[in-house]
Amino acid sequence: MNKFIKNTSFFLCLLLVVGCLQIKRQLDEDELELYQKTLSLARDVQRSLRRVTSLDYNQATQLLQLSEQLNYTYDPFSLDSASVAKCEELQHRLERLQDDIYTTVTTHLSELYVPVVDNVDCLVEKKVTYPVYLKRGDKLYVKIKCKSPATVKVYNYDSRSTLKTFSGRTNFDFSMPIENSAIYLVEFNPGSNAQYADFAVAYTTTTIERLTPVKVNERTVEAKQGDFLAWSSPGIEMIKIFDEPRKFTLRGQLKAAFSGTYRGIVPIQVPAGATDILYSMRISTNEADRSSDGEFGENMNTSYRKVKMLGLPVYESNKSSGIIKTILGDYTPLREEDAYINMYVFNSASHAKKFNDRNTNGNIVYDINHSIMGMQSSTGRIPAKGKSVIYLGFENERTRYANYVWVEVLASKPIKEYFKTEYYLN
């Protein structure tokens, strides 16, 4: 046993000695090429630094990008002492060079105008706003040139305050020190007519980290009248006429001869100021309710909010186009092939009563432009401006089979809505 332990110890010592005596090497071909390239880059950067007497923003950012590239690694365990010393010296040289770059850029910080906006020959038709995040100690610079008198304002968005206002000028060239860290807004109002303008908005700073502008995000949200920088827009208020869908049965004409009726009237009270009546009509041969019944108003209002925020065409009260047509098309009730009726639109109570009573004395006058024969489940729009009541008349032409009808009605009223832009940092 003692002999075995002695032999084992001997071999372990032998391996240790061999490891210590491992032959170290010089840089191989690839390592030497990397070393020479890095050394050459360091020399070029050093020569450039010696020639710097002034610095602009682009030159400074290029130098800082170069500084990030000044990295060098090697394997000290496999190289001989001379190679290790050589590589170590290069590493120290790069570190000193990075410090020199940092010092050079810092020395010239007051000369570096960090660009926020740099646009030339822009056609401006309405107010434009440029947001920028500034730190305390920064300095904001604005230079705008246009042909007709315009207005420029600067706001501190965080404190909801107006800092500067310049009106009736064609050239704007000013700067202002920043006393509080916040989001700032530079607003340009071209006036009543569109015009071309050149924009330059920039800032100077006291720290290298601020040479990269902080991104300011923005989104449009609903606002109230009087909110900071809120603007108005033509909009719609949708007023629910019935709390629940009006459901009724139109019997087949043969059965209606004995009981019930194959006709029906739904009067619609038009709210003051409303310009249109919007309806959803579900027609079925089955009297069972659906879970979607009663959701027309909520769906229309939800879609309207989404479409409005996307900036699609605004409401036009005298045309069957625009935002109403866009969202009505999204909510056509499920149609059944055998479920169809005639729908008549009456503006007169007496003619609506004649229709409902099946009174054949004299002509029955109805709105032929908005009445629909052979109507299946659908949505639609009826002009209602200046009217107080509209009557919808329904008729089942089928002889034997009944139709069941669910009617949901909204009134649309033009209103003034308010929106604002929210600015925020990630």
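This report describes selected helices, strands, salt bridges and nonpolar cores of the structure shown above.

The structure is a predicted model, in which local features need pLDDT of at least 70 and side-chain atom pairs count only at pLDDT 80 or more, while totals for chains, interfaces and linings use all residues. Residues are numbered from 1 along each chain as its sequence is written, and side-chain values use heavy atoms, with hydrogens and water left out.

**Helix α2**

Helices (H or I, at least four residues) and strands (E, at least two) are DSSP runs, numbered from the N terminus. Helix α2 covers residues 29–51, and its 23 residues reach 34 Å from the first C-alpha to the last. This is close to the 33 Å expected at 1.5 Å a residue, where the expected span is 1.5 Å times one less than the number of residues.

Residues are called buried under 20% relative accessible area, exposed over 50%, and partly exposed in between (1.4 Å probe, protein chains only). In α2 the buried residues are Y35, T38, L39, A42, V45 and L49. They pack against α3 (57–69) and α4 (81–107). A contact is defined by heavy atoms within 4.5 Å.

Strand β11 spans residues 276–284 and includes S280. Because 9 of the 9 residues of β11 are buried, this strand is largely enclosed by the rest of the structure. In a regular strand the side chains alternate between the two faces of the sheet. In β11 both faces are covered: D276, L278, S280, R282 and S284 are buried on one side, and I277, Y279, M281 and I283 on the other.

Two strands pair if DSSP finds at least two bridges between them. β11 runs antiparallel to strand β14 (residues 378–383), to which 6 bridges join it. With strand β16 (residues 403–425), β11 pairs in the antiparallel sense over 9 bridges. Within these pairings, S280 has T379 of β14 as its bridge partner, and L278 has L410 of β16.

S280 itself counts as buried, at 6% relative accessibility. Leaving aside neighbours within four places in sequence, S280 is in contact with F296, P333, S378, T379, W406, V407 and E408.

**Salt bridges**

A salt bridge is a side-chain nitrogen of Lys or Arg within 4 Å of a carboxyl oxygen of Asp or Glu.

| Pair | N to O distance |
|---|---|
| D44 and R47 | 2.4 Å |
| D227 and K420 | 3.7 Å |
| K247 and D289 | 3.1 Å |

D44 and R47 both belong to helix α2 and lie 3 residues apart, about one turn of the helix. D44 is partly exposed, with a relative accessible area of 36%, and R47 is partly exposed at 40%.

The side chains of D227 and K420 also meet in a salt bridge. D227 lies in the loop between β7 (216–222) and β8 (231–240) and K420 in strand β16, so this pair ties together parts that are 193 residues apart in sequence. D227 counts as partly exposed, at 24% relative accessibility.

K247 forms a salt bridge with D289. Since K247 lies in strand β9 (residues 246–250) and D289 in the loop between β11 and α6 (296–309), the pair ties together parts that are 42 residues apart in sequence. K247 is partly exposed, with a relative accessible area of 41%, whereas D289 counts as exposed, at 54% relative accessibility. Elsewhere, salt bridges that share partners join E222, R305 and E417 into one network.

**Nonpolar cores**

A nonpolar core is a set of buried Ala, Val, Leu, Ile, Met, Phe, Trp, Tyr and Cys residues joined through side-chain atoms within 4.5 Å. The largest has 50 residues, and those with the most contacts inside it are V105, L140, F172, F188, F199 and L211. A second, separate core of 25 residues includes I382, L392, V407 and A411.
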